[in-house]
Amino acid sequence: MGGARRRRSPPRLPRVAFVEVADRVWVARYEWFDVNCSLIGGADGLVLVDTHASAVAARAVLDDVRALGAGDVVAVVNTHEHFDHTFGNGELRGAYGATLPIHAHETAAERTVPAGERIKRRYDDEPDDPHRDEVLATEIVPADRTFSSAAVLDLGDRQVELVHPGRGHTGGDLVVRVPDADVLLAGDLVEESAARNGVPGFGPDCYPLEWPLALDLVLGLTTTSSVVVPGHGAPVDRDFVEQQRNDIGIVAETIRDLAGRGVPVGDALAAAEWPFPREELADAVRRGYEQLPRSQKRLPLI
């Protein structure tokens, strides 16, 4: 035994979280919420799209950005105001300077702090949640560079387009288009994640009747060869987006039909067939009924 030579373990390579999905466009998919953070590289640096759900989580994102070795982050983009996409903003500022620009649609920027405070109250009521303390300790930093319809970020040798296609998952959704790479980062307007069985995020601040129209504009920004990166889950193609748009359209039209026939909102889920599980659609139906003009509603059936 004493004369036996020990085998050396192979050197441990650093974990590379960011995977290149097109020329200088990388996506890192994180287990918590199955959320995506994306990087777009240009001659002048990197744009980070979405910053994860806490300061602690954002430090891991920063480690992965540095491990990639593609440069420094020169701008951040939030695809909407929800905390799992914005709570890392402060850590990015800490790493790259207080003047690091953070871009978002004007509605998302306005709602980032109140939305974050609401989620903190929810975590405060969940003492056993393993992420409770890190969420509560995170400073909420909203975007400081806003736009209403569209904006362009210049990275020197390429331009990155920010487009507000309309209201859908939230009132402040934006998509990020990289024209020369034929990539579109869709935020939570598109959902692929198996963690939610691919069901779009019909939350308490969604706009189910307008969402299909927003996705029509998104589809207009894509080609048959486009790589579309959802806010959660694996990258998809244009066909996937088109199918999800059609399913969301069925939800919208079913809500209109039920309300037009006088079906009470409390009975609507049980009164129709839906393209998604009923338990995922309570907020969609409630919000849809609220957002319908009075002319499209009838008195409840007796």
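Visitor: Why is T170 called buried?

Guide: Buried means under 20% relative accessible area, exposed means over 50%, and partly exposed lies in between (1.4 Å probe, protein chains only). T170 has 0% relative accessibility, so T170 counts as buried. This is a predicted model, in which local features need pLDDT of at least 70, side-chain atom pairs count only at pLDDT 80 or more, and totals for chains, interfaces and linings use all residues. Residues are numbered from 1 along each chain as its sequence is written, and side-chain values use heavy atoms, with hydrogens and water left out.

Visitor: Where is T170 found, and what does T170 touch?

Guide: T170 is in the loop between β9 and β10. Helices (H or I, at least four residues) and strands (E, at least two) are DSSP runs, numbered from the N terminus. Contact means heavy atoms within 4.5 Å. Leaving out residues up to four places away in sequence, T170 touches H80, E81, H82, D205 and Y207.

Visitor: What makes G171 buried?

Guide: Its relative accessible area is 5%, so G171 is buried. G171 lies in the loop between β9 (159–163) and β10 (175–178). Beyond four places in sequence, G171 touches H105, T107, R111, H164, D205 and Y207. G171 and V49 are 122 residues apart in sequence and 18 Å apart in space, C-alpha to C-alpha.

Visitor: Why is D84 called buried?

Guide: D84 has a relative accessible area of 8%, so the label is buried. D84 sits in helix α2 (residues 83–86). D84 and G231 are 147 residues apart in sequence, with their C-alpha atoms 9.7 Å apart in space.

Visitor: Is D182 buried, exposed or partly exposed, and why?

Guide: D182 has 22% relative accessibility, so D182 counts as partly exposed. D182 is in the loop between β10 and β11 (183–191). Its phi is near 55 degrees, a positive value in a residue other than glycine.

Visitor: Which label does D34 get, and why?

Guide: D34 is at 12% relative accessibility, so D34 counts as buried. D34 lies in the loop between β2 (25–30) and β3 (35–42). D34 has a positive phi of about 50 degrees, although it is not a glycine.

Visitor: What secondary structure does the protein chain have, and why is the chain called as compact as a globular protein of its length?

Guide: The protein chain has nine helices and 12 strands. Its radius of gyration is 21 Å, close to the 19 Å that the globule rule gives for 302 residues, so the chain is as compact as a globular protein of that length. The radius is taken over C-alpha atoms, and the globule rule is 2.2 Å times the number of residues to the power 0.38. Along the principal axes, the C-alpha atoms fill a box of roughly 90 × 50 × 35 Å.

Visitor: What share of the protein chain is buried, and what share of its contacts join residues at least 24 apart?

Guide: Of the 302 residues, 52% count as buried. Among contacts between residues at least 6 apart in sequence, 66% join residues at least 24 apart.
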